[in-house]
Structure formats: structure tokens, C-alpha cells
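Here's a quick briefing to read alongside the model. Have the structure open and click along as you go.

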Amino acid sequence: MSKNGDRKIENSTWGKAIGWVIAILLPVILIMTSIRLLLTPVFVDIEYSMPGFPEDAYGMTFAERRQYAKLALEYLLNDENVSFLDDQRFEDGTPLYNERELGHMEDVKDLAKMGMTVWLLLAALLVGGVAAAWHFGDWEVVRAGLLRGGQITVGLIVAVLVFVALSFNALFTGFHRIFFEGDTWLFQFTDTLIRLFPLRFWQDVFIALGLLTLLGGAALWLGLRKRRGK
């Protein structure tokens, strides 16, 4: 019995719509939640401590690179303009970043801010969908939506991880071509951004992102499926 009489919505048009809204929003929210978890100094420390993480061919120590990498991450999350990075110098006084790198970091910050805003809006929409179903006392709509969303997430992330294993370079290039204009994201091996964040760093980012998201999707899928006899 629903708490509003017999107004159960599971099989209604609204119920099905709410269920699909929950299912479609969930993978995106889980992915973006995982991204936010990786945008922390803790991940930088873990990554630089991983066995086989490449050394800098031009002389920066791991401690220096870890320090500068955390400052770059801090810039993406704070309210400072690009002078936050422009003011940073090596010990000999030369700028840490050139103009091309600074321009790219501005683009990345804009993308990060937009992504975090979308993340919060989608999360609010998901909560609204859950609340709407709950208002009608129909947990089954919520359960089915979350379960379906977990299944979609698992399938999507497994496909991405297979792609990472088979052709990470193509995935990495495609990502940048979608979100950045032209070749603004291409740099020399001597540039600081490449020295701080080599390809190995981004490979591990995609793997960690996939595993975190997969864990969330699998937990919902397995935790919310109906047991036999119930």
C-alpha cells in the first residue's frame, strides 16, 4: 500500500519515466563522482608512489613533481585566475609553465568547473526523481531505476576498460579532440605539463576512474536485485 492510498506509479507512464531518468542519470553521476574523488592530492601521492612510475628525463625529482602536480590540481579547484600558475617558478627563476601550457590549463579549469556544476545539477535531479517516487510510496520504481542504472554503468565501464587495454592512445586522443579545440592540448616532452603528468599518469587515471565507477555500479546492481523467493 502506498502512503497516498493506492496511487502506486510503478506501472504508470510517470513511474516508467522516473525509473528511466534515474537509470540514465546514474552512470553519469557515478563517473563524475569518481572524477571528483581523483581530483585530490591523495591520488597524486598514490600515483607517484606506484611501482614503475616514470622518472623525469630532465631532472625534476619525484618530490618536486609531486609538489608542482598538487599545485596544478589546486588551481583547477580554487577561484584563482591563471596567474596562480604563471607566478610559479623553478629554483633557477624560470617560469614553470609557458604560454601554451597556461592557456591549456585555463581551458581545463573551465571544463572542470562546468563538469562540477553539471554533476551537482544531475545529482539534484536524481534526488528529485527518487523523492518523487518516494512521495507516492513506491520504492519499486526507485529500486528498479537504480538497479538498471547500475547495470548500464557496469556495461559501459567494462567497454571503456577494454578500450583502454586495447587502444588507450586512441581513447586519450579522442577525449581531447572532443573537449579541446585544435591542437592546444599537444606539448613538447620538455614542457612541464608532460613532465608532471606523463602518459602513464593518464592511463592510471582512466583505470582508476573505471574501477571506482565499476565498483559503484556493481554495488547497486548486486545490492538491489531481487532475491529468489522474495
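Let's start at Phe197: leaving out residues up to four places away in sequence, it touches Ala69, Ala72 and Trp202 (contact means heavy atoms within 4.5 Å). Keep in mind that this is a predicted model, where local features need pLDDT of at least 70, side-chain atom pairs count only at pLDDT 80 or more, and totals for chains, interfaces and linings use all residues. Residues are numbered from 1 along each chain as its sequence is written, and side-chain values use heavy atoms, with hydrogens and water left out.

**Nonpolar cores**
- Phe197 is also among the residues that touch the most other members of the largest nonpolar core, which has 32 residues; Tyr75 and Leu85 are on that list too.
- A core here is a set of buried Ala, Val, Leu, Ile, Met, Phe, Trp, Tyr and Cys residues joined through side-chain atoms within 4.5 Å; buried means under 20% relative accessible area, exposed over 50%, and partly exposed in between (1.4 Å probe, protein chains only).
- Helix α3 gives this core its largest share, 6 residues (helices are DSSP runs of H or I, at least four residues, numbered from the N terminus).
- There's a second, separate core of 17 residues, including Ile18 and Met32.

**Leu224**
- Leu224 sits in helix α8 and is buried, at 17% relative accessible area.
- Beyond its neighbours within four places in sequence, Leu224 is in contact with Trp139, Arg143, Leu146 and Leu147.

**Salt bridges**
- The model has 6 salt bridges, each a side-chain nitrogen of Lys or Arg within 4 Å of a carboxyl oxygen of Asp or Glu.
- Asp45 pairs with Arg66, with the closest N and O atoms 3.4 Å apart; Asp45 is in helix α2 and Arg66 in helix α3, so this bridge ties together parts 21 residues apart in sequence.
- Arg195 and Asp56 form another one at 2.8 Å, N to O, linking helix α7 to the loop between α2 and α3, 139 residues apart.
- Both ends of that pair are buried: Arg195 has a relative accessible area of 12%, and Asp56 is at 12% as well.
- Asp204 and Arg200 meet at 2.7 Å, N to O, and both lie in helix α8, about one turn of the helix apart.

**Confidence**
- The chain averages a pLDDT of 89, and 93% of the residues score at least 70 (pLDDT is the predictor's confidence in each residue, from 0 to 100).
- Over residues 1–6 the pLDDT is below 50.

Methods:
Helix = DSSP H or I, 4+ residues; strand = E, 2+ residues; numbered from the N terminus.
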